[in-house]
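Dear colleague,

I am handing over the structure that we spoke about, and I would ask you to open it beside this email. My notes on what was found in it follow below.

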Amino acid sequence: MTKLTHSFSLSLVAAGLLASTAVDAQSIAIINATVHTSTEQGVLQGASIIMDEGKITAINPAKVDADTIIDAKGQIVTPGFIGSMNQLGLVEVGAVAGSRDGGDDKASIDFDPSLAFNAHSSLIPYARKGGITRDVITPQGGDSIFAGLASVVDLSGEFASEKQTHAALVVHLGEQSKGSRAMALKNLVDKLEAQQQKNKKKKDDATPSTEDIVLTKVLAGEMPLLVTASRAADIIELIKLKQQFSVNLVIAGAQDAVVVKEQLAQASVPVIVSAMESLPGSFDSLHASLDNAGKLEKAGVKVLLSIAGDASHNVYQLRFDAGNAVSYGMTQQGALKAITANVADVFGINAGSVAVGKAADLVMWNDDPFDFKSHVTKMFINGEEVSTEARQDKLRKRYTTDSEMPRAYTK
């Protein structure tokens with residue numbers, strides 16, 4: 001290659017990089033929108049939102065100035081919904097062991113399943129169709145009560161989707177298939193007490209293990225302690241544990257939480273519940289009911305909604321569960337916060353509300369997002385528009401397209 005040709009090639013590369021940067025840096029404005037902010041501002045009519053550099057930079061500015069302007073024509077805009085308590089991106093087919101990476105028999109405090117997160121999972125575009133833009137993935141764990149570390153990911157489909165790799169320490173308590181729940185709780189208390197003593201005696205030159213780092217963050221309140229528990233008696237013991245160690249406690253499952261809702265509210269303990277559990281699944285969940293989310297909200301408990309059962313494949317339906325919670329007593333704005341701002345607050349995610357400085361995760365809907373007949377018309381993650389076409393859409397197109405080939409094929 002001659003010097004002239006080499007210089008010309010470098011110029012082309014530089015020009016390409018500059019062009020790419022220019023495209024990436026484009027600002028976007030949505031105007032004439034009905035914005036459900038998921039903040040104290042509530043609903044804004046005929047509002048404008050400016051996005052730039054992946055963040056929301058202005059709401060209702062005096063003058064709208066952006067590279068691209070989208071007229072919502074009155075359509076509803078919400079924050080992107082945030083899923084939780086699932087293995088999205090860690091499982092493809094539940095019945096195929098080789099596609100499951102959310103748990104391991106040897107998993108414990110330092111198990112970080114985000115190392116296996118697949119941003120190209122076919123489940124992610126399907127979740128986006130339900131308005132999900134971020135997700136808190138939680139490990140299934142193994143033989144230990146310590147399941148491992150939760151992570152926060154965005155659903156952009158990019159390889160750099162992991163936003164927080166140590167979002168919470170997940171612990172499974174309650175009924176035991178072998179042994180006693182009392183021993184499981186004792187193991188948790190003993191582990192926290194041992195770490196407290198270890199931190200007091202720690203030498204400055206000592207190199208802490210990953211387990212030490214995690215437990216120290218939990219004890220400092222810097223990392224949530226996410227515990228699955230359902231029985232009211234277990235929840236009371238966990239409230240005592242929060243008071244003893246001053247941990248940032250979050251309880252998931254919590255079918256019996258309504259029995260102790262006043263204690264939960266007083267102790268400022270958020271709960272993650274399903275709005276669709278209406279029957280006891282065990283002796284730990286005798287108070288499962290469709291109106292639990294509404295009762296907890298009215299009592300002043302911070303409520304987060306998640307999907308019961310196979311949440312990894314069904315997180316798409318989170319909006320319908322939120323609508324069901326509204327029909328059984330939860331407020332419309334409370335249900336919206338339960339799948340946006342409340343999740344963001346609990347796990348320290350800079351998203352979940354339409355406010356200046358928050359990540360530009362926005363979803364435009366043709367109608368009420370909690371209604372079955374509504375659908376996403378546009379979606380933005382980190383200020384970039386993303387597709388909501390899923391594998392199911394491609395299959396429908398394949399099998400309904402006229403062709404001279406057999407019905408299962410297209411040219």
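Tyr126, Tyr316, Phe320 and Phe372 come together in one aromatic cluster, and please keep in mind while looking at it that the model is predicted.

A search through the whole structure gives four aromatic pairs. One of them is formed by Phe81 and Trp365, which are stacked, with 5.6 Å from centre to centre and 25° between the planes. This pair links distant parts of the chain, since Phe81 belongs to strand 6 (residues 81-86) and Trp365 to strand 14 (residues 362-365), 284 residues apart. Phe81 has a relative accessibility of 0% and therefore counts as buried, and Trp365 counts as buried because its relative accessibility is 0%.

Phe320 and Phe372 also form a stacked aromatic pair, with 4.3 Å centre to centre and 20° between the planes. Phe320 lies in helix 9 (residues 318-327), whereas Phe372 lies in the loop between strand 14 and strand 15 (376-381), 52 residues apart, so that this pair too links distant parts of the chain.

With kind regards

Notes: Residues are numbered from 1 along each chain as its sequence is written. This is a predicted model: local features need pLDDT of at least 70, side-chain atom pairs count only at pLDDT 80 or more; totals for chains, interfaces and linings use all residues. Side-chain values use heavy atoms; hydrogens and water are left out. Rings of Phe, Tyr and Trp (its six-membered ring) pair if their centres lie within 6.5 Å; planes under 30 degrees apart count as stacked, over 60 as edge-to-face and the rest as tilted. Helices (H or I, at least four residues) and strands (E, at least two) are DSSP runs, numbered from the N terminus. Buried means under 20% relative accessible area, exposed over 50%, partly exposed in between (1.4 Å probe, protein chains only).
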